[in-house]
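Let us take a walk through a protein model together. Keep the sequence and the 3D view open, and turn the view as you read.

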Amino acid sequence: MKNKYQLVVVAAVLMLVLSIMPRSTEAATIQKKVSVDVLNMRSGPSTGYSVIYQLKKGQIVNVAQEQNGWSKITYGSRTGWVASQYLSHITWKGYVSASALNLRKSASTTSTIIATLPKGTFVNVEQQGIGWLKVYVPSKGLRGWVSSSYITKVRIKGKVIVLDPGHGGVDGGASGSTHLEKELNLRTVKELAILFRQAGATVILTREDDRYLSLQERVDVSEKYNADAFISIHYNSAGSTASGVMSFYYDSSKDQELAKYIQEGMVKETGMKDMGVRYGNFYVLRENSRPSVLLELGFLSNPTEEKKIATITYQRNVSRGIFIGVNKYFSVYK
């Protein structure tokens, strides 16, 4: 009877211990990268153990455990130990690609939701796990975990983007019932500039106010700053029923792919009619040695479309579409 009672007590204690132990999650394994030229992977957590493999700088490993300055890792089919000081966190900038994404306290779908991040929110990735990312959200001053499936890596950091608001000054461009093209062009460019700067790009505007620039002066800005991408923003005019967005290129080998990715992004983010990617013999493209596109973002001559494209919602959506397209372009053409 006494032995039976003791067994019951032991079982109860074990259940209590298990209930308070932290449970593993999908992100219990953290990914890090090798920060030295050569790093010995050993069979145990000290220099007294044999070397079973040598890792090279930049290789990504999965860290399952850390103790006394050593990390238990896996690399491919190999498992071993390395000195923790020679591993660093994988850090990069990304943005939310889902319509909304939960920021959680820990890497689990049952963890407390700290905030819900809207589409396009920029994050700094501090740790990379299996299926999860630990991120810092600069716009909110928050830190937490998000699903890695809905974060797209920013490829624009360090790129030089020249944004050209078409027309200006005495040249008003197209006109609708209540809006001038030159004004919408500048408004859109300022929204775009915010996105590109948040992503770490160097952004140059050909004009920042309502002034006239010649076409050559616009090209000169692109050439002076050795632009990685020159984007000229315009709104269209044709008939009262004309509708949609289009992207123009001049040189198929230099510009067409940039135009294609931007067009895809704009259509997806705005739901506007896709009028396609087209050849355009425009001065700012023809005389420009840098990758360059001219975009038409809707028709001011269409009263219904004019109301839509003048809203802040549309301005932000089309800007996000352009940004996504440029980011995708640089993920392919670095």
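Two strands are said to pair if DSSP finds at least two bridges between them. Helices (H or I, at least four residues) and strands (E, at least two) are themselves DSSP runs, numbered from the N terminus. Before we use these words, here is some background. This is a predicted model, in which local features need pLDDT of at least 70, side-chain atom pairs count only at pLDDT 80 or more, and totals for chains, interfaces and linings use all residues. Residues are numbered from 1 along each chain as its sequence is written, and side-chain values use heavy atoms, with hydrogens and water left out.

How confident is the predictor? The score for this is pLDDT, the predictor's confidence in each residue, from 0 to 100. The protein chain has an average pLDDT of 92, and 91% of the residues score at least 70. Residues 7-27 are another matter, with a pLDDT below 50. Beyond near neighbours in sequence, this stretch has ten contacts in the model, where contact means heavy atoms within 4.5 Å.

Now find strand β4 (residues 60-67) and strand β5 (residues 70-75), which pair in the antiparallel sense over five bridges. Across this pairing, Gln 65 stands opposite Lys 72 in β5. The two strands form a hairpin with two residues between them. Asn 68 has a relative accessibility of 76%, so it counts as exposed; the cut-offs are under 20% relative accessible area for buried, over 50% for exposed, and partly exposed in between (1.4 Å probe, protein chains only).

Follow the chain onward, and β5 pairs with strand β6 (residues 78-83), again antiparallel, over six bridges. Here Ser 71 has Val 82 in β6 as its bridge partner. This hairpin also has two residues between the strands, and Gly 76 takes a positive phi near 65°.

Further along there is another run of hairpins. Strand β11 (residues 122-129) and strand β12 (residues 132-137) run antiparallel and are joined by four bridges. Val 125 stands opposite Val 135 in β12, and in the hairpin, with two residues between the strands, Gly 131 has a positive phi near 85°. Next, six bridges join β12 to strand β13 (residues 142-147), also antiparallel. Val 137 stands opposite Leu 142 in β13. The β12 and β13 hairpin has four residues between its strands, and Gly 141 in the turn has a positive phi of about 65°.

Let us move to a helix. Which residues of α3 (residues 215-224) are buried? They are Arg 218, Val 219, Val 221 and Ser 222. These four lie on the same side of α3, because they cover an arc of only 150° around the axis; the arc is that of the directions from the helix axis to the C-beta atoms. An α-helix has 3.6 residues a turn, so residues three or four places apart point the same way. The buried residues of α3 pack against β15 (160-165), β16 (202-205), β17 (229-236) and α5 (283-286).

Just after α3 comes Asn 226, with a positive phi of about 50°. Asn 226 is found in the loop between α3 and β17, and it is partly exposed, with a relative accessible area of 46%.

In helix α4 (residues 256-270) you will find Tyr 261, which is buried, with a relative accessible area of 10%. Leaving aside neighbours within four places in sequence, Tyr 261 is in contact with Gly 325, Lys 328, Tyr 329, Val 332 and Tyr 333. The C-alpha atoms of Tyr 261 and Phe 323 are separated by 9.7 Å, though the two residues are 62 apart along the chain.

Finally, look for the largest pocket. On a 1 Å grid over the protein atoms alone, a pocket is an open set of points where a 1.4 Å probe fits, with protein on both sides within 12 Å along at least five of seven lines; lining residues have an atom within 4 Å of a point. The largest pocket holds about 360 Å³ of space, a volume being the space filled by probe spheres set on the points, which are joined across faces, edges and corners. Of its 16 lining residues, the closest to the centre are Gly 120, Thr 121, Phe 122, Leu 195 and Gln 198. The elements that give two or more residues to the lining are α2 (181-198) and α7 (312-332), and α2 provides the largest share, four residues.
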